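Colleague: I would like to go through this model with you. Tell me what each term rests on.

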Protein chains: 2
Amino acid sequence: MSSFEGANQTAVERMMSTRPMLVGLARASDVVPGLSREILLHAGPPIEWQQASGPLRGALIGALILEGLATGEDEAVSLMERGQIELSPCHHHGVVGPMAGVTSSSMAVYIIEDAAVEDAAIEVAESPARAFSTLNEGYGKVLRYGAYAPEVLERLAWMNSEMADVLSAALDEHGPLDLRNLLAEALHMGDEGHNRNKSGSLLYLKSLAPSIVRVAGSEAAARTIDFLAGNALSVLNPVMAACKLMADRAHGVEGSSLVSAMARNGTDFGIRVSGLGERWFTAPAQVPDGVYFAGFGSADANPDIGDSTITETAGIGAFAMAAAPAIVGFIGGTADEALNATLEMYEITAAEHDYFTIPALGFRGSPVGIDLRRVVELGLTPRVNTGIAHRDAGVGQIGAGLVRPPMSIFEQALEAFAERYLNDTTLEED
Amino acid sequence: MSSFEGANQTAVERMMSTRPMLVGLARASDVVPGLSREILLHAGPPIEWQQASGPLRGALIGALILEGLATGEDEAVSLMERGQIELSPCHHHGVVGPMAGVTSSSMAVYIIEDAAVEDAAIEVAESPARAFSTLNEGYGKVLRYGAYAPEVLERLAWMNSEMADVLSAALDEHGPLDLRNLLAEALHMGDEGHNRNKSGSLLYLKSLAPSIVRVAGSEAAARTIDFLAGNALSVLNPVMAACKLMADRAHGVEGSSLVSAMARNGTDFGIRVSGLGERWFTAPAQVPDGVYFAGFGSADANPDIGDSTITETAGIGAFAMAAAPAIVGFIGGTADEALNATLEMYEITAAEHDYFTIPALGFRGSPVGIDLRRVVELGLTPRVNTGIAHRDAGVGQIGAGLVRPPMSIFEQALEAFAERYLNDTTLEED
């Protein structure tokens with residue numbers, strides 16, 4: 001085994017041995033490093049307002065109104081144009097967010113910690129010890145798709161107050177929730193963990209419902225349980241943060257060519273590589289191929305957006321499509337294509353997951369640890385399942401489908417990898 | 001198409017077009033036709049105490065103590081031996097019960113009705129308009145596996161009082177629950193609806209939890225939600241009653257060779273046929289092939305028992321194994337064998353289900369409507385997934401596996417079918 005292979009095995013073992021636990025909730029500015037009232041976090045690699053697409057702009061406008069920093073759209077836009085609000089990628093703060101991913105100071109966030117660190121079974125890397133994500137808003141007109149109508153902000157205000165308080169108290173009563181176990185079980189129940197989190201969301205509800213009833217008043221408990229029960233994506237955000245923690249553990253391994261983050265800001269698709277530090281490799285994001293809601297088509301679609309590709313980075317999502325044949329009703333394609341999607345991803349990954357297994361493949365571990373060397377060598381980019389946002393601010397979701405990152409970002413990264421390591425005599429080329 | 005084929009199509013269409021709704025709960029003796037305090041209902045075809053196997057005897061003893069008809073095992077056995085308690089098959093009363101299936105007068109039962117009747121879309125057969133089932137007790141030491149220790153009866157007493165009251169009030173608040181929709185969704189979430197009802201039970205919990213919180217006091221709501229959340233079989237019993245309603249709708253079609261009931265009493269396996277009236281065709285039940293819990297083996301196993309084969313009769317369970325590859329971890333076999341189990345059952349069935357579809361087979365309808373002519377012609381008996389009970393009274397479950405009914409019951413039935421119809425000039429032979 002070459003030293004690169006060894007580094008990749010170290011990285012992927014770290015990723016798999018991470019045991020993400022949902023331990024609680026808090027106000028974002030109280031726990032997220034470097035977040036303050038004048039900073040808005042967003043999905044994907046770094047971007048400025050001038051380059052931001054419609055749905056990201058819509059979500060930023062909504063967050064400014066939610067925070068009381070602007071009274072309406074015009075004021076919000078003016079604040080952004082005058083540069084009075086700093087934009088920063090979620091990923092730089094241990095956060096991940098679906099679609100626009102906008103996270104602001106007063107929002108409630110889930111806190112995910114690594115139980116494996118306490119088990120002392122793994123060597124702790126210098127990567128962050130925690131990951132965070134906001135609460136999932138459900139379907140329809142929602143901030144993450146760029147909608148900011150009054151009902152969107154009212155729902156968010158309720159989620160960040162009563163619902164977050166109920167969930168926080170329930171989690172305290174319940175104790176930490178093992179998200180790796182939850183995901184492993186959900187993959188045996190027809191989920192792939194990214195676009196399809198139906199079973200995982202029910203497992204999440206099942207785990208917390210008894211505690212919710214015990215800790216909350218009847219009305220608040222009923223509203224919270226109603227909301228969770230009605231949202232088949234309720235567990236998506238904590239799952240994403242769990243994947244972020246796993247991927248972060250794989251980051252920073254000297255000589256590793258594994259991809260440790262994939263994320264889109266609606267304009268650019270970016271990746272980071274374990275052995276290449278904090279640098280993003282980016283190129284314009286593509287419009288997904290997918291199934292559109294009635295009345296919409298690809299001309300209405302925004303380029304790919306969101307941090308949710310952290311699921312594929314961690315070996316689930318499109319990589320575990322074979323576990324979720326029913327998803328094709330939502331994103332298009334056939335059951336055979338779903339099976340083949342997973343089989344194809346084994347070609348570009350370093351391992352088969354120890355914990356995430358796929359019944360239909362004889363319980364084979366899902367493909368995990370994207371090796372950028374293989375991506376370039378085989379000309380095969382990772383598959384990604386995704387939602388599709390309308391290109392204009394304020395509209396929302398118009399479909400769901402499949403997308404692949406541009407090959408050029410892997411080529412750039414491989415070039416940087418070669419520059420960084422080719423003359424490093426401590427590592428052998430393989 | 002011969003008249004027999006036409007009759008079978010009529011029968012299977014009636015089965016599929018039935019829309020079973022869970023409408024409420026009641027005390028068994030208030031709603032189950034012909035049930036009184038001195039009658040105990042049991043799974044399978046008719047049987048007397050003298051022929052009853054250990055787990056059925058254990059469940060009958062437990063029911064007599066629960067009803068206050070006996071103070072302990074000796075008194076219960078004496079009552080049974082003196083013939084003071086009448087035994088009657090669940091199936092004769094519109095009831096179905098898993099394993100021993102013992103249903104007594106004071107037990108709470110789910111009430112399932114056919115919404116398609118109200119829709120007036122189908123012609124109502126003379127078959128019963130409702131079906132019933134008790135509440136599922138969960139795993140471990142439970143009455144349905146023949147256990148009757150004090151904790152078993154205490155749990156039952158609670159289920160039949162507080163839990164039933166809470167569920168009843170919650171269902172009233174919620175309104176009728178569409179079990180056909182629930183099952184169709186669960187089959188897309190890795191269930192097969194018989195041995196694996198993990199997703200279905202979560203869908204059931206999700207549907208009722210908000211109402212439970214609204215109608216019940218905090219403690220009673222928490223206990224009920226805890227119990228439902230901890231039992232991956234909670235929806236099995238209403239699902240069985242739904243299947244019973246569907247199968248009953250297919251019963252009584254002149255000239256139909258479709259099997260309208262399959263059931264075991266722990267001694268005999270019996271079937272009924274749509275065009276052959278109320279007669280049971282029986283032969284000794286077999287011991288399942290399966291996976292045993294640590295410390296147990298096939299020598300400890302009771303022959304096959306329970307009404308739960310009503311699921312296979314209605315086109316789910318082992319017939320929908322291809323939807324549930326993860327089940328092989330519980331009952332043995334491989335994912336490929338699970339796929340092949342479903343493919344095999346298309347050989348002996350009259351239709352592909354309109355509503356129960358299997359994503360992994362490109363959303364093909366599950367095989368439904370067992371044609372006894374094909375069973376005999378091809379020498380291929382229906383597959384059945386099942387739990388395995390210890391042969392002694394009072395022990396409980398010791399494994400799970402696969403079983404097939406004896407071929408001789410289909411041969412007997414075909415003989416009776418030929419006798420009944422061969423000289424009937426209103427029907428052509430095909």
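Modeller: Start with burial. A residue is buried if 20 or more other C-beta atoms lie within 10 Å of its own, exposed if 12 or fewer, and partly exposed in between, with C-beta atoms placed from the backbone. Helices (H or I, at least four residues) and strands (E, at least two) are DSSP runs, numbered from the N terminus. The model is predicted: local features need pLDDT of at least 70, side-chain atom pairs count only at pLDDT 80 or more, and totals for chains, interfaces and linings use all residues. Residues are numbered from 1 along each chain as its sequence is written, while chains are lettered from A and ligands numbered from 1 in the order in which they are written.

Colleague: What makes H3(B) mostly covered?

Modeller: Of its 13 residues, 12 are buried. Among them are B:Pro55, B:Arg57, B:Gly58 and B:Leu66. The cover includes helix H4 (73-81), helix H6 (150-174) and strand E14 (384-389) of chain B.

Colleague: How do you know that the span of helix H3 of chain B agrees with its 13 residues?

Modeller: The expected span is 1.5 Å times one less than the number of residues. For helix H3 (residues 54-66) of chain B that gives 18 Å, and the end C-alpha atoms are 18 Å apart, so the two agree. Just after H3(B), B:Gly68 takes a positive phi of about 75°.

Colleague: Why is B:Val166 called buried?

Modeller: B:Val166 has 24 C-beta neighbours inside 10 Å, so it counts as buried. B:Val166 lies in helix H6 of chain B.

Colleague: What is B:Val166 in contact with, leaving aside its neighbours within four places in sequence?

Modeller: Contact needs C-beta atoms, placed from the backbone, within 7 Å. On that test, B:Val166 is in contact with B:Ile212, B:Ala216, B:Ala220, B:Ala221 and B:Thr224. B:Ile225 is 59 residues away from B:Val166 in sequence, with 9.8 Å from C-alpha to C-alpha.

Colleague: Which is A:Met99, buried or exposed?

Modeller: Buried, with 29 other C-beta atoms within 10 Å. A:Met99 sits in the loop between strand E3 (86-89) and strand E4 (108-114) of chain A. Its phi is positive, about 50°, although A:Met99 is not a glycine.

Colleague: Why is B:Phe363 called partly exposed?

Modeller: B:Phe363 has 15 other C-beta atoms within 10 Å, so it is partly exposed. B:Phe363 is in the loop between strand E12 (349-358) and strand E13 (364-370) of chain B. Phi of B:Phe363 is near 65°, again positive in a residue other than glycine.

Colleague: What makes chain A as compact as a globular protein of that length?

Modeller: The radius of gyration is taken over C-alpha atoms, and the globule rule is 2.2 Å times the number of residues to the power 0.38. Chain A has 15 helices and 15 strands. Its radius of gyration is 20 Å, close to the 22 Å that the rule gives for 430 residues, so chain A is as compact as a globular protein of that length. The C-alpha trace of chain A spans about 60 × 50 × 40 Å along its principal axes. Buried residues make up 60% of the 430 residues in chain A.

Colleague: Which domains is chain A divided into?

Modeller: Domain 1 (19-240) and domain 2 (251-421). The bounds come from an automatic or database domain assignment. The domain centres, taken over C-alpha atoms, are 21 Å apart. The contact takes 47 residues from domain 1 of chain A and 49 residues from domain 2 of chain A. On the side of domain 1, the largest share, six residues, comes from H3(A).

Colleague: How do you know that the two copies are related as by a two-fold rotation axis?

Modeller: Copies are superposed by least squares on the C-alpha atoms of residues with pLDDT of at least 70 in both. Chain A is laid on chain B with an RMSD of 0.0 Å by a turn of 180° and a shift of 0.0 Å along the axis. The copies are thus related as by a two-fold rotation axis. In chain A, the C-alpha nearest the axis is that of A:Met189, 2.4 Å from it.

Colleague: How many residues does the contact take from chain A and chain B?

Modeller: It takes 26 residues from chain A and 26 residues from chain B. H8(A) gives the largest share of the chain A side, 10 residues.

How values were computed. Contact = placed C-beta atoms within 7 Å.
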